[in-house]
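Student: Could we go through this structure together? I am new to it and would like to ask questions as we go.

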There are 2 protein chains.
Amino acid sequence: MPPATPRSLAPRKRPRQARAAVTLDAVFEATIQVLLTVGPHRLTTTRVAERAGVSVGTMYQYFAHKQALIYALNERYLEVLAEKIEIACHAQHGMPAQQMVEALIECYWQAKTERADVTRALYRSVAELDNEALIEAFAARADAATTAMLASAPDLDTQKLESITRTLLTVIFGTVRNAFERNLDEAAARELRGHLAVMCGALLDSRSGPLA
Amino acid sequence: MPPATPRSLAPRKRPRQARAAVTLDAVFEATIQVLLTVGPHRLTTTRVAERAGVSVGTMYQYFAHKQALIYALNERYLEVLAEKIEIACHAQHGMPAQQMVEALIECYWQAKTERADVTRALYRSVAELDNEALIEAFAARADAATTAMLASAPDLDTQKLESITRTLLTVIFGTVRNAFERNLDEAAARELRGHLAVMCGALLDSRSGPLA
DNA sequence: CTAGAATATGAAGGATTGTTCAGTTTGAGG
DNA sequence: CCTCAAACTGAACAATCCTTCATATTCTAG
């Protein structure tokens, strides 16, 4: 497996002192804020530095270019997200399948809604860069965690599990993303989640039904 | 209802002669090609003009700025897509509900897959602009067509139809989009579509089941 | 306390790019 | 054929922005 991050996008160096870590946090947060306030195509290294209370030169000590910054931001975000999913999946080991998918939906939805504006900003920022590696790595982790979870369900046959997992995740992730593009109010969002749970449950049942 | 296109993004003038229409087509196609070859953030007015075999000045007679060009491109694309959906929905009037959703999925998938690279390029290009109005207008048309179709199904109770329609479209559109971000091979894609049909069917059945 | 490493600075350079406009060419109608 | 409007041209301008580097500051280890 090649390194997850391409050479050209990798950070120049890692912070060794405490203040450097603080600086980096400030830069990331500033990037989000700039993304939110002026949009992706007016995101400027100077603007980010200004907002972070840092000099441009400082940023360029950690990131070789603007893309690398945005890449790192998304990488960081997906890292947190993947971890959340893994934890949620692990917590459901041995539970009934329906509860599993509901927990999965809830976890993903929750993670995305916590800071909805940030989610939106990041969704837009990704278009600027070559995110294949990023997405693939994330998908692999989510796939693995979900498959492991489902395999432990007592009420599920373990055949075709990979295929079902892939569908589940594609549907859930895609639906949530699309829900963010339309601006659903609280009620509509709740309904959507309910429907989604029903639909996912049906997919899990689809084998056991006709076979009985 | 306000005009679908905001003033600042509207085209400057419409072509009145035949050659102007040809020029516009060339410009749109060139925009797609540039989007494909160099990506959204290196899309340059000069580059587009060059590729289209046209002068930059010509482009600026029709579009007030770069954003307006990209906006118009997406508008044109969504117009075609909405029409396809409306036709597909109309063709299913009076049919069983399950067949309806399958036709809907097939239509959307087909439309997106026809020129997969273009689809991907457009998905990315939208991030550059304020697409709320665009998406809302498209969603409204798709919603209307789908609701009308489902209302004509003999095997469906017409309660909660709007809510169900919204879910169906959010799930289908979102899933397809996400499927494009992962690079699914033909087999996986076929499976996904099958699963999606099952899941959508389950949503339609979810009321009639427990009530029987 | 000191030396060297890590971190931070920000003005300046260089390159790109969006947009205009004065002028030319092409087409349509009479 | 003539005239006017539509369509097209592309060099030039102005603005923005990414990135560097020589220098200054701060921290840490010995």
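Student: Through which surface do the copies meet?

Tutor: The copies meet through the same surface, because 100% of the interface residues of chain B are also interface residues in chain A. Please keep in mind that this is a predicted model, in which local features need pLDDT of at least 70, side-chain atom pairs count only at pLDDT 80 or more, and totals for chains, interfaces and linings use all residues. Side-chain values use heavy atoms, with hydrogens and water left out, residues are numbered from 1 along each chain as its sequence is written, and chains are lettered from A and ligands numbered from 1 in the order in which they are written.

Student: How many residues are in contact between the two chains?

Tutor: In chain B, 40 residues are in contact with 40 residues of chain A. Contact means heavy atoms within 4.5 Å.

Student: And what area is buried there?

Tutor: About 3500 Å² is buried between chain B and chain A, and carbon and sulfur atoms give 56% of that. Thr170(B), Arg182(B) and Met199(B) supply 20% of the area that chain B buries against chain A, more than any other three residues. Buried area is the accessible area (1.4 Å probe) that two parts lose on being put together, summed over both.

Student: How many salt bridges are there between the chains?

Tutor: The count between chain B and chain A is eight. One of the salt bridges joins Glu181(A) to Arg177(B), with the closest N and O atoms 3.4 Å apart. A salt bridge is a side-chain nitrogen of Lys or Arg within 4 Å of a carboxyl oxygen of Asp or Glu.

Student: Which helices of chain B give two or more residues to the side that touches chain A?

Tutor: They are helix H7 (132-151), helix H8 (161-181) and helix H9 (186-205) of chain B. H8(B) gives the largest share, 14 residues. Helices (H or I, at least four residues) and strands (E, at least two) are DSSP runs, numbered from the N terminus. By class, the side of chain B that touches chain A has 19 nonpolar, 11 polar and 10 charged residues. Here Ala, Val, Leu, Ile, Met, Phe, Trp, Tyr, Cys and Pro count as nonpolar, Asp, Glu, Lys and Arg as charged, and the others, Gly among them, as polar.

Student: Now the DNA. Which residues are closest to DNA strand C?

Tutor: Of the 24 residues that surround DNA strand C, the closest are Arg16(A), Thr23(A), Ser55(A), Thr58(A) and Tyr60(B). A residue is near a strand if one of its heavy atoms lies within 4 Å of it.

Student: What parts of DNA strand C lie within 4 Å of the protein?

Tutor: Sugar or phosphate accounts for 69% of those atoms of DNA strand C, and bases for the rest. A polar backbone atom of Gln17(A) is 3.0 Å from a phosphate oxygen of DNA strand C. As for the bases, a polar side-chain atom of Ser55(A) lies 2.5 Å from a base nitrogen of DNA strand C. An N or O atom in the side chain of Arg19(B) is 3.2 Å from a base oxygen of DNA strand C.

Student: Which element gives the largest share of the surface near DNA strand C?

Tutor: H3(A) does, with four residues.

Student: And which residues come nearest to DNA strand D?

Tutor: Tyr60(A), Arg16(B), Thr23(B), Ser55(B) and Thr58(B) come nearest, out of 24 residues around DNA strand D. A phosphate oxygen of DNA strand D is 3.2 Å from a polar backbone atom of Gln17(B), and another contact places a polar side-chain atom of Gln61(B) 3.2 Å from a base nitrogen of DNA strand D. H3(B) gives the largest share of the surface near DNA strand D, four residues.

Student: Lastly, how many helices and strands are there in chain A?

Tutor: Chain A has 10 helices and zero strands.

Notes. A polar contact is a pair of N or O atoms within 3.5 Å; within protein, one must be able to donate a hydrogen and the other to accept it, and residues adjacent in sequence count only if both atoms are side-chain atoms.
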